[in-house]
Amino acid sequence: MLDVKKSKVAVVAVVILFLFTLIVWNIAQFQAYASASFDVRISRFEINWFLFIPKGVTVYFTVEVYNPSFVNIYIPSIYGRVYLEDILIDDFYIGERRVPPGRSVSQTFSITVSVDDLPALGNALGSIISRGYATVRVDGDARIKLSLLPIIEIPYYITMHFSETRTISPAILIAEKYC
């Protein structure tokens, strides 16, 4: 009878220890995801010319994810859109990434769009040239997958939104391009 009680106590202790570990892991993981930061750096845009006619643009930007926690962050996908003067010029996608503790991962993009592919861009380019500056916006979402323990992943995702808007003048473009 004493052995049965000891085995029941041992089973209960193992279950309590497992549940405690599960709770601590999920709190640590949630804190890691909550502390992750998404940084978008719009470095420049260039107007592409044919003779003296603006024919399109190229936008350069970098998306960086920083993980200040002590737990890996698993990101199945990052996706977003790039706007020039509030005109959608293209989408972007970053596939699966793991961000180690205390590290960051980044990906740089250059998106080129011609006036032939996006006629609305022609009017915007005229306005940009006459004003002397342009507004570029990058909006994105990262899907982050939760797990019960490091080895048990569950099909539950958190979406984290990020955005950056930058007004860029041709003077800065010339300085960045040629200096």
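**View 1. Residue classes in the lining of the largest cavity.** The lining of the largest cavity in this predicted model comprises 5 nonpolar, 2 polar and 1 charged residues (Ala, Val, Leu, Ile, Met, Phe, Trp, Tyr, Cys and Pro count as nonpolar, Asp, Glu, Lys and Arg as charged, the others, Gly among them, as polar). These residues are Val 63, Val 65, Ile 78, Ile 94, Arg 97, Val 105, Ser 106 and Gln 107. A cavity is a set of points, on a 1 Å grid over the protein atoms alone, where a 1.4 Å probe fits but cannot get out; lining residues have an atom within 4 Å of a point. Strand 7 (103-114) and strand 2 (53-67) each contribute at least two lining residues, and strand 7 gives the largest share, 3 residues (strands are DSSP E runs of at least two residues, numbered from the N terminus).

**View 2. Volume of the largest cavity.** The structure has 1 cavity of 30 Å³ or more. The volume of the largest cavity is about 50 Å³, taken as the space filled by probe spheres set on grid points joined across faces, edges and corners.

**View 3. Surroundings of Phe 92.** Phe 92 is among the residues with the most contacts inside the largest nonpolar core, which has 39 residues (buried Ala, Val, Leu, Ile, Met, Phe, Trp, Tyr and Cys joined through side-chain atoms within 4.5 Å; buried means under 20% relative accessible area, 1.4 Å probe, protein chains only). Leaving out residues up to four places away in sequence, Phe 92 touches residues including Phe 61, Ile 78, Phe 109 and Phe 162 (heavy atoms within 4.5 Å).

**View 4. Glu 46 in strand 1.** Glu 46 lies in strand 1 (residues 37-50) and is buried, at 15% relative accessible area. The side chains of Glu 46 and Arg 44 form a polar contact of 3.1 Å (a pair of N or O atoms within 3.5 Å; within protein, one must be able to donate a hydrogen and the other to accept it, and residues adjacent in sequence count only if both atoms are side-chain atoms).

Residues are numbered from 1 along each chain as its sequence is written, and side-chain values use heavy atoms, without hydrogens and water. Local features need pLDDT of at least 70 and side-chain atom pairs pLDDT 80 or more, while totals for chains, interfaces and linings use all residues.

Conventions
Buried means under 20% relative accessible area, exposed over 50%, partly exposed in between (1.4 Å probe, protein chains only). On a 1 Å grid over the protein atoms alone, a cavity is a set of points where a 1.4 Å probe fits but cannot get out, and a pocket is an open set with protein on both sides within 12 Å along at least five of seven lines; lining residues have an atom within 4 Å of a point. Helices (H or I, at least four residues) and strands (E, at least two) are DSSP runs, numbered from the N terminus.
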